[in-house]
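Here are a few notes for someone opening this entry for the first time. Please read them with the structure on screen.

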Amino acid sequence: MVIERGSIELEPGKKVAYEIGSLYVPENRKKPDSRLIEVGFARIKAARPTGAPPVFWLPGGPGLSVLGSLTDNDPSTRGKARLWANFSQRSADVVVLEQRGYTRRGEMLESTSDAMPLEQPGSIHAEAQAMRALAKRAITEHSGKDLSGYNIGELAADVDSLRRALGYKKISLFGGSFGSQWSLAVIRLHPDIVARAVLSSVEPLNNAFDMPSHTFAALQRIAYDADQDAGLAPYRPAGGLMEAVRTLRRRLAQEPVRVEVRDDAGKAQTVVLGLEDLQLALLSHTTEGENWPAFILSLYHGHYEAWAREVIEQRAAGKNKLIGPLIDSSLRTTAEREHQLRTDPAVEFLGTWNFEANFASAADWPTPDIGDEVRTPVASPVPVVFVQGDWDTSTPVENTLGLLPYFPNGHTIITHRGGHDGTFYLLRSEEAASQAVYEFLKTGKMTGLPHHVTLPLPSFPRPTFPPPAAGAKAGTATQRP
């Protein structure tokens, strides 16, 4: 372990001291001759000793590098540093560990994928073949590395190694999205080192791939509020947002559309958009759920240009973070859940984009299958506070509800209208709830934790074009023969 010390000014005249360093661990602990790799971490010590176990903050992704929040001379990146400083002020030491294979202090494993054609509709099958090609290319380009070591078990072991290196007996965990899945792996594989945890946007070990109907239900909840919005009324069809979705599906199933757009230099490009493109696009613009209705209504009225530009960018050649598919190919899922995924009724609307490429390429990636014994949930006595938004389309609320019975000492906070950054809504805007979360991390007490928080009704942006005239036929604005 190597440690450096520094400080950052998060408020005028007030500096926060931190340690930043590198942990050297085996690339593959199952191989005695494995090379050592470098994984970055940081620590902000508690403002005053509290006796509480340190909070290990595990980032999401996979492939989210966060230490730049401390080191980059850019105020716009310091949000996480402020959050960590708040934890250290109000609970305990905060330790941030980056992911092996995607850390500034070590290696950031990447490989380039080929461009996908614009002259034909998007294809889940083509995406799966591209993922298989990426796996083969990654192995060739990183031939000096043991890519089999980049799996969830090794990431969990890295947490334990850092705990021992820093001299802690027990730790608390804080993670959202993949950070929650990483935390659940630590709880499953190293249960004796975990005092408690706060997990948001929960991704169970067997739920690396979301059930389509659970994701679709989140869209329905967004649509319900949007259907009450007066500003969107002139754009909505009879039947509301979900009728617009059904109409779009019928339209694109009948015939793809060709959309011509011009780039900043005035050069024209044409892209063909089909049903499978729509299936993929239905979950876009949901990071902030209030933006989704305007996107859907724009497509419903035939304004495809913005969508076309997004698809052109998506189909371009680009760099891919390898840690994501390496981990997902190791996690996989049980045979029973795979059957449920493939036969889920919402596949009709969302397709199999969420899992098809990973299942098709799993054998091409070198990371080993963790097995049903690890990914199937088991009862755990670890106290966990789960925070989950019901507008979350990336890790739907059913993930948390399905896992809760396995944590008899668990507590769930459902955030109505909360998106994928569930916990952070509480820490930003709900002072009483956020104080209770900090108190739980410090003492383990669950006093004051709510079961339900309702966020204010957001302001729904309108489409960028004037409302159509009464009786105008939807869907003809930018179609091309």
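This is a predicted model: local features need pLDDT of at least 70, side-chain atom pairs count only at pLDDT 80 or more; totals for chains, interfaces and linings use all residues.

1. Arg90 pairs with Glu431 in a salt bridge, at 3.2 Å from N to O. The two are distant in the chain, 341 residues apart, with Glu431 in helix H18 and Arg90 in helix H2. Glu431 has 52% relative accessibility and so counts as exposed.

2. Glu431 also takes part in the contact between H17 and H18: Leu426, Leu427 and Ser429 in H17 meet Glu431, Ala433, Ser434 and Tyr438 in H18. Sorted by class, that contact has four nonpolar, two polar and one charged residues.

3. The axes of H17 (residues 422-429) and H18 (residues 431-443) come within 6 Å and cross at roughly 115°. The two helices are therefore roughly perpendicular to each other, and their crossing is left-handed.

4. The whole structure holds 27 salt bridges. One of them joins Arg43 to Glu19, with the closest N and O atoms 2.7 Å apart. Arg43 sits in strand E3 and Glu19 in strand E2, 24 residues apart. Both Arg43 and Glu19 are buried.

5. Asp72 and Arg104 form a salt bridge as well, with 2.8 Å between the closest N and O atoms. Asp72 lies in the loop between H1 and H2, and Arg104 in the loop between E5 and E6, so the pair ties together parts 32 residues apart in sequence. Asp72 is partly exposed at 23% relative accessible area; Arg104, at 47%, is partly exposed too.

Definitions and conventions. Residues are numbered from 1 along each chain as its sequence is written. Side-chain values use heavy atoms; hydrogens and water are left out. Axes are lines fitted to C-alpha atoms, for helices over the stretch in contact, and angles run from 0 to 180 degrees between N-to-C directions. Helices (H or I, at least four residues) and strands (E, at least two) are DSSP runs, numbered from the N terminus. Angles under 35 degrees count as roughly parallel, over 145 as roughly antiparallel, 65 to 115 as roughly perpendicular and the rest as oblique. A crossing is left-handed if the near helix is turned anticlockwise from the far one by less than a right angle, and right-handed if clockwise. Contact means heavy atoms within 4.5 Å. Ala, Val, Leu, Ile, Met, Phe, Trp, Tyr, Cys and Pro count as nonpolar, Asp, Glu, Lys and Arg as charged, and the others, Gly among them, as polar. A salt bridge is a side-chain nitrogen of Lys or Arg within 4 Å of a carboxyl oxygen of Asp or Glu. Buried means under 20% relative accessible area, exposed over 50%, partly exposed in between (1.4 Å probe, protein chains only).
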